[in-house]
Amino acid sequence: MPIWQGASAAGWGHTFALAMAANDAVAAAVSVADDPGLLLACDGADGRSLACETLRMNNGVATLCGMSTRPEERGRGAQKALINWRLRHAAAHSYRYAVATTQAGSVSERNLCRLGFRPAYAKSVWAPSEIRS
């Protein structure tokens, strides 16, 4: 799990303690609750981690989550490989449907669209610019 956590934190750009703690908590929960759960793409030549993702399979729906690629490894096809692996794995277990979430206009959205996904709806996420007491 530490290798997955490192790849995830690097891909998401987590550098401060609270973000790292949240990243670790997600990894711990997924590793216990889901099968196969945490997935990692590694370089075939030297074994270093390139990207990570998660897979949740429940009630006939495969949920592709947590797509994160190390910035220095982007553009090598690791995310596409992990998406395809998860779709094949779900199909092998007789799952017919898959869903994913992504930021609008992102490379992840483009990759999902190239693999046959289409947007179902948009969601706004609001955060305060400054927390006041």
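Predicted model: local features only at pLDDT ≥ 70, side-chain atom pairs only at ≥ 80, totals over all residues.
1. A residue is termed exposed when its relative accessible area is over 50%.

2. Serine 94 has a positive phi of about 65° although it is not a glycine. Serine 94 is located in the loop that joins H3 to strand E4 (97-100). With a relative accessibility of 64%, serine 94 is therefore classed as exposed.

3. Asparagine 59 is likewise not a glycine, yet its phi is positive, at about 50°. This asparagine 59 sits in the loop between E2 and E3, and its relative accessible area of 72% makes it exposed. As background to both positions, most residues other than glycine have a negative phi.

4. The largest nonpolar core contains 15 residues, and Leu55, Ala62 and Leu64 are those that touch the most other members. Two or more residues of this core come from each of strand E1 (37-42), strand E2 (49-58), strand E3 (61-69) and helix H3 (78-92). In soluble globular proteins, nonpolar side chains tend to be buried together.

5. Which residues does leucine 64 touch, when those up to four places away in sequence are not counted? The contacts of leucine 64 are Thr54, Leu55, Ile83, Arg86, Leu87, Ala98, Val99, Ala100, Thr101 and Phe117.

Terms used
Residues numbered from 1 in each chain as written. Heavy atoms only, no water. Core = buried A, V, L, I, M, F, W, Y, C linked by side-chain atoms within 4.5 Å. Buried < 20%, exposed > 50% of the residue type's maximum accessible area, 1.4 Å probe, protein only. Helix = DSSP H or I, 4+ residues; strand = E, 2+ residues; numbered from the N terminus. Contact = heavy atoms within 4.5 Å.
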